Amino acid sequence: MNKALLGARLLLGLIFTAFGINYFVPFLPVPELPPAAGAFFGALAESGYMLPLVKITEIVGGLMLLAGLFVPLALTILAPVVVNIVLFHVFLEPSGLPMGIALVALQVFLAWGYRDAFAGVLEARSQPSA
């Protein structure tokens, strides 16, 4: 199981790091988007801060996964990004849905593997430290 977790962590880290860096230093081709998806992506870009924020989050989370540092924190900060990737492909650009499903599978597999680290967060009646 440790080798599978390592492979999933490195793959997810590589995906997020590469696609995050690609925003700032384009080295991968950007596919044509359907009109609604292009309008959504354009609005994020037009905001001036949202796409850089998301991409920096992807890079930081991806590097944390690649380095094996603060993995539960990396999974936590990347979770909203994964949810938005999947929903983007469900509603606006279905051809990318297999990649979104793969990201969810990797994310869930890693979260399960690190489930002990999430125990306190999932405690219903948590008490503050004294």
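Guide: Of the 130 residues in the protein chain, 28% are buried in this predicted model. The chain has five helices and zero strands, so that its pattern along the sequence, by the DSSP runs used here, reads α-α-α-α-α. Its C-alpha atoms fill a box of roughly 50 × 35 × 25 Å along the principal axes. Among contacts between residues at least 6 apart in sequence, 69% join residues at least 24 apart. The accessible surface comes to about 8400 Å², and carbon and sulfur atoms account for 73% of that area.

The largest pocket has a volume of about 1100 Å³. Its lining consists of 34 residues, and those nearest the centre are Phe-41, Lys-55, Ile-85, Phe-88 and His-89. Two or more lining residues come from each of α1 (2-24), α2 (35-46), α3, α4 (71-91) and α5 (97-113). Helix α4 provides the largest share, eight residues.

The structure holds one salt bridge. Both partners belong to helix α3 (residues 50-67), and because they are three residues apart there, about one helical turn separates them. Glu-58 and Lys-55 are both buried, that is, each has under 20% relative accessible area.

Technical notes: Residues numbered from 1 in each chain as written. Predicted model: local features only at pLDDT ≥ 70, side-chain atom pairs only at ≥ 80, totals over all residues. Heavy atoms only, no water. Salt bridge = Lys/Arg side-chain N within 4 Å of Asp/Glu carboxyl O. Helix = DSSP H or I, 4+ residues; strand = E, 2+ residues; numbered from the N terminus. Buried < 20%, exposed > 50% of the residue type's maximum accessible area, 1.4 Å probe, protein only. 1 Å grid on protein atoms, 1.4 Å probe; cavity = no way out; pocket = protein on both sides within 12 Å on 5 of 7 lines; lining within 4 Å. Points joined across faces, edges and corners; volume = space filled by probe spheres on them. Contact = heavy atoms within 4.5 Å. Areas by Shrake-Rupley, 256 points an atom, 1.4 Å probe, with all protein chains shown as cover.
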